[in-house]
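Okay, thanks for coming, everyone. Have a look at the screen and I'll talk you through a few parts of this one.

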Amino acid sequence: MQRILIAACAAAAVAVAAAAQHAGDINLSIEQGAIHTAAYSGPAAEPSRVFGATFGDTGVQRFTSNPGFEALPGTFAPGSRTGFTPLSGLSRFTGIGLEPVTVERLEVKFLTLVSVVGTDPVPGFDLAVQSNGGWHRHLNFRLFAQGGKLPSSGIYVVEMELYSNDGVTLPSDPLWLVFNDGRSTAEHNEAVAWVEANLAGGGAPCAGDLDGNGDVGASDLATLLAAWGTAGADLGGDGLTDAADLAALLASWGACP
Amino acid sequence: MIHPSRRRAFTLVELLSVVAIIAAILALVLPAASSMRQRARAATCLANIRSLQAASLAYSTDSSGWLIDARLPHGGIDQGGGESFVEVLSNEGYCDVSQIRSPLDDSPHWSVTDGGEGVPVPNSNGAFRRTSYGLNNHLAREFSPWAAVDSSKTTDRLSKVSDHANTVQLLLMTPVGEFAGSDHPHVEGWGALPGSPVIASGEVAISAVSQDGASPEAVSNWAFLDGHVESASFGRVYVDESRNRLDPFVSPFFARFASAN
C-alpha cells in the first residue's frame with residue numbers, strides 16, 4: 001500500500017512538473033497544413049497549447065511582451081500575414097476553475113494595432129510575415145480595469161487561435177495564455193495545469209485520445225458516446241460532451257502525431 | 001658610543017600613522033583610477049561602435065543601399081546560421097572580429113571559448129552571447145515593427161530613412177537576460193515613462209557608460225546612420241513612441257525637440 005502511495009505521489013509530481021508554465025517564446029510551425037504551437041524552453045520543441053507569462057517581468061507592473069512568437073524562416077509565405085483571434089473573453093482562475101472578469105481588460109497592442117479583450121471575444125489583428133518567411137513578433141500585453149480602478153491581482157486566462165491569411169494554411173488549435181499578476185509561481189503553475197487538464201486536453205494536440213493509448217480509435221469513440229451529454233469526454237471545453245466533441249474526435253482519428 | 005640595540009626605531013603610533021596616510025591616499029586614488037579605467041573602456045567602446053557603424057555603411061554602399069539585417073532572436077531559435085549581424089560584417093571583411101565584444105561588456109553569457117563564464121542565455125536552448133552590439137530593429141528588415149503593420153513602411157534601405165544624422169542604427173545589447181543572446185531589441189514595446197527606461201534596460205545596456213541603472217539619465221553609446229556616435233543619456237534618445245531617435249518616422253521631429261530642451 002505504501003509503495004502504491006509513493007508511486008502515486010511520484011506520478012503526481014511528474015505531472016505537475018510537466019504542467020509547469022513554459023518560459024520563453026511560442027514556437028510556430030506548420031504541421032499537417034495547420035499552424036502548430038510548441039514551447040521552446042528545453043533541448044527540444046515540446047508540443048504545447050498552454051503558455052504562461054508573468055506581468056511585470058520586464059519591470060513594469062501589469063505589462064509584459066511575453067510570450068513572443070517565433071517561426072523559423074520559410075514557415076509562412078512571404079507577403080502573407082499571420083495573426084491571432086481571441087476565442088474567449090478574459091477570465092480569472094479561481095483555484096477550481098475559471099470565472100469571467102468584471103472590470104478587468106487585457107489590451108493587446110502592436111504600434112497602432114490594438115485589441116482589448118474584456119468579457120466577450122473581440123477581433124484580433126495580424127502582422128506581416130517577414131520577407132524570409134519567418135514570423136518573430138512580440139505583442140504588448142497590458143492588464144487594466146475600467147473606470148480608472150486597479151485590476152485585482154490574479155491569474156488571467158485568454159483563449160485564442162493563430163491564423164494565416166495565405167488562403168492555404170489552417171488556423172491553429174485553440175491555445176491559452178495564462179498571465180500571472182501578483183500571485184505565486186505555485187498558483188500560476190496550478191492554473192496552467194488546470195487549463196492543460198480541463199481545456200487543452202492534457203496539453204497534447206491529440207485531444208481525442210481519451211484512453212491515452214497514443215491512438216484515437218474505437219475505444220475512444222465508445223468512451224465519448226458513453227459520456228454523451230455529460231462533461232466526461234468534453235474535448236472543446238464547453239462542459240458538455242456533444243457533436244462538436246464527436247467531430248473533434250473523428251478529425252483526429254488514427255495515431256497521435 | 002651608541003649601542004646598535006638602542007638605535008631609535010619607529011614607534012607603533014608612527015607606523016599606524018603612516019599606514020593610515022597610505023590608506024587615505026589609496027582611498028582617494030583607487031576610485032579615480034577605477035573611474036579612469038571605466039572612461040577608457042567607454043572611449044574604446046565608442047571607437048569600436050564607430051568602426052562598426054563605418055563597416056555597416058560600407059556594407060550598405062556595397063549592397064545597393066540595403067542595410068545590414070539582424071539575425072539573432074532571443075527566443076532560442078536561430079534565424080540565420082547562428083551569426084549575429086556583426087559576425088556577418090566580420091566574415092565579409094568589413095570589420096575586425098575583435099570589435100564584436102565591447103570592453104564595457106561584462107556579460108556572463110559569453111562561451112568559455114570566447115573567454116566568458118560559459119553561462120547560457122536564459123530560455124535560449126543553451127545558446128551563448130554572440131555580440132555586445134545590436135541593431136535598432138526599426139532598421140532591420142526582418143524585425144522592423146512598421147514593416148509588420150504595413151509593408152510599404154519597411155525602412156531597410158539607406159534611401160528609405162529621411163534623417164540619417166538623427167536615427168540610431170547601432171546600440172549596446174543588455175549583458176543579462178534573454179536579450180543578451182540577441183542582436184536587436186524590440187523598441188516598439190518600450191512605451192513611455194516611467195516604464196520605458198526599465199523595459200529598455202532589459203533589452204539594451206542603456207547605462208553601459210554611466211553604470212547607474214535604468215533611468216532617463218543613464219548613459220550608453222549609440223551610433224547613428226550618418227556614421228557619427230554619441231555617448232548619450234537614454235532621455236536624449238527615447239522619451240516615448242512618438243518622441244525618439246530610433247523610429248525613423250519620428251526621429252527627425254524628436255531631434256528638434258531634443259535640441260530645444
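So, strand β7 of chain A, residues 81-86, pairs with β14(A) in the antiparallel sense, over 5 bridges. Two strands count as paired here if DSSP finds at least two bridges between them, and strands (E, at least two residues) and helices (H or I, at least four) are DSSP runs numbered from the N terminus. As one example, A:F84 has A:L162 in β14(A) as its bridge partner.

Before I go on: this is a predicted model, so local features need pLDDT of at least 70 and side-chain atom pairs count only at pLDDT 80 or more, while totals for chains, interfaces and linings use all residues. Residues are numbered from 1 along each chain as its sequence is written, and chains are lettered from A and ligands numbered from 1 in the order in which they are written.

Back to β14(A). Strand β8 of chain A, residues 91-93, also runs antiparallel to β14(A), joined by 2 bridges; there, A:R92 partners A:Y156. Then there's β15(A), residues 175-181, antiparallel to β14(A) over 7 bridges, with A:E159 bridged to A:W176.

How many residues of β14(A) are buried? That's 10 of the 11 in residues 154-164, so the strand is largely enclosed by the rest of the structure. Buried means 20 or more other C-beta atoms within 10 Å of the residue's own, with C-beta atoms placed from the backbone.

That's what I had on β14(A).

Definitions and conventions: A residue is buried if 20 or more other C-beta atoms lie within 10 Å of its own, exposed if 12 or fewer, and partly exposed in between; C-beta atoms are placed from the backbone.
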